[in-house]
Amino acid sequence: MSRKHLNGPFVFPVRDIVRHPGEMREHRVEVASPAKWGEGLVSVAEGEIIDLDVRLESVHEGILVSAQIDTEYTGVCGRCLTDIAQPLEVEFQELFGYPGEEANDFEVQDDHVDLETLVRDSIVLSLPFQPVCQPDCPGLDPNTGERLTSDAVPEAPVDPRWAALKALTPDHDGEAVRPAADDTEKS
Ligand SMILES: [Zn+2]
């Protein structure tokens, strides 16, 4: 029997609830991330604190694990490349089956369950592909490469309303259609 993971940070004992359907244990732990998790613009850094709320329920088929993860990811904004640090909250639920019964992705090992793979995968899959420093980050000025502030929006974006106004402007393209006089009065 392999015991090499028995003392890992994401290993929880279930000896006292195994084969006792209805029994439940709850754990709250803080674990330092054992590695950098995530390969994109943002990741959970090695050593970052991961808050783990775990509920272990004994059911007929095995141990039902419910967990809530609270941590923080860091990296850069995908638009303006500013350093960012954002909270990350993710939950999972998974059945750890008893060995030798129905095939399960995860099994109760001896007298414990090891949640590291689940915690890691849950975190990595919930990291944003296009992280932003703020929802309306205007990004970088296409001409200067400087970071734009929210109230200095570049001139480039084509708002359909402005396009329509330009079309109405005389001398523009020579094809402008002048609005009827009473239309302009109303608007
Ligand atoms: Zn940004």
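Color the chain by secondary structure and follow the sequence: the pattern reads β-β-β-β-β-β-β-β-α-α-α. That comes to three helices and eight strands. Here helices (H or I, at least four residues) and strands (E, at least two) are DSSP runs, numbered from the N terminus.

Before you click further, know that this is a predicted model, where local features need pLDDT of at least 70, side-chain atom pairs count only at pLDDT 80 or more, and totals for chains, interfaces and linings use all residues. Residues are numbered from 1 along each chain as its sequence is written, and side-chain values use heavy atoms, with hydrogens and water left out.

**The whole chain**

Now show the surface. Of the 187 residues in the protein chain, 28% count as buried. Buried means under 20% relative accessible area, exposed means over 50%, and partly exposed is in between (1.4 Å probe, protein chains only). Take contacts next, meaning heavy atoms within 4.5 Å. Among contacts between residues at least 6 apart in sequence, 55% join residues at least 24 apart.

**The zinc ion**

Select the zinc ion. Which protein donors does the zinc ion have? They are the SG atoms of Cys-77, Cys-80, Cys-133 and Cys-137, lying 2.3 Å from the ion. Donors are N, O and S atoms within 2.8 Å of the metal (3.2 Å for Na, K and Ca); water is not among the atoms, so sites may look incomplete.

Read along the sequence, the donor residues are spaced C-x2-C-x52-C-x3-C. Cys-77 counts as buried because its relative accessibility is 0%.

The four donor atoms make angles of 106 to 115°, and the site is tetrahedral. Four donors count as tetrahedral if all angles lie between 85 and 135 degrees; four count as square planar and six as octahedral if opposite donors are over 155 degrees apart and all others between 65 and 115; anything else is irregular. For reference, the ideal angle for four tetrahedral donors is 109.5 degrees.

Click Ser-122, which is found in helix H1. Is Ser-122 buried or exposed? Ser-122 is buried, since its relative accessible area is 13%. Leaving aside neighbours within four places in sequence, Ser-122 touches Ile-69, Val-90 and Phe-92.

Hop over to Val-90, in strand E6. Val-90 is buried too, with a relative accessible area of 11%. With neighbours within four places left out, its contacts are Ala-67, Gln-68, Ile-69, Ser-122, Ile-123 and Ser-126. Draw a C-alpha to C-alpha line from Val-90 to Gln-68: they are 22 residues apart in sequence, yet 5.9 Å apart in space.

In general, most residues other than glycine have a negative phi. Select Arg-19, in the loop between strand E1 (11-13) and strand E2 (24-32). Arg-19 is not a glycine, but its phi is positive, about 60°. Its relative accessible area is 49%, so Arg-19 is partly exposed.

Next, pick Leu-81, in the loop between E5 and E6. Leu-81 also has a positive phi, near 65°, in a residue other than glycine. Leu-81 is exposed, because its relative accessible area is 51%.

**A loop stop at Pro-34**

Find Pro-34 in the loop between E2 and strand E3 (42-43). Pro-34 is partly exposed at 37% relative accessible area. Apart from neighbours within four places in sequence, Pro-34 is in contact with Phe-10, Glu-46 and Glu-116. Pro-34 and Pro-9 are 25 residues apart in sequence and 8.7 Å apart from C-alpha to C-alpha.

**The largest pocket**

For the last stop, select Gly-38, Glu-39, Gly-40, Leu-41, Val-42, Val-124, Leu-125, Leu-127, Pro-128 and Phe-129, which line the largest pocket. A pocket is an open set of points, on a 1 Å grid over the protein atoms alone, where a 1.4 Å probe fits, with protein on both sides within 12 Å along at least five of seven lines; lining residues have an atom within 4 Å of a point.

What is the volume of the largest pocket? About 150 Å³, where a volume is the space filled by probe spheres set on the points, and grid points are joined across faces, edges and corners. Color the lining by type and you get seven nonpolar residues, two polar and one charged. Ala, Val, Leu, Ile, Met, Phe, Trp, Tyr, Cys and Pro count as nonpolar, Asp, Glu, Lys and Arg as charged, and the others, Gly among them, as polar.
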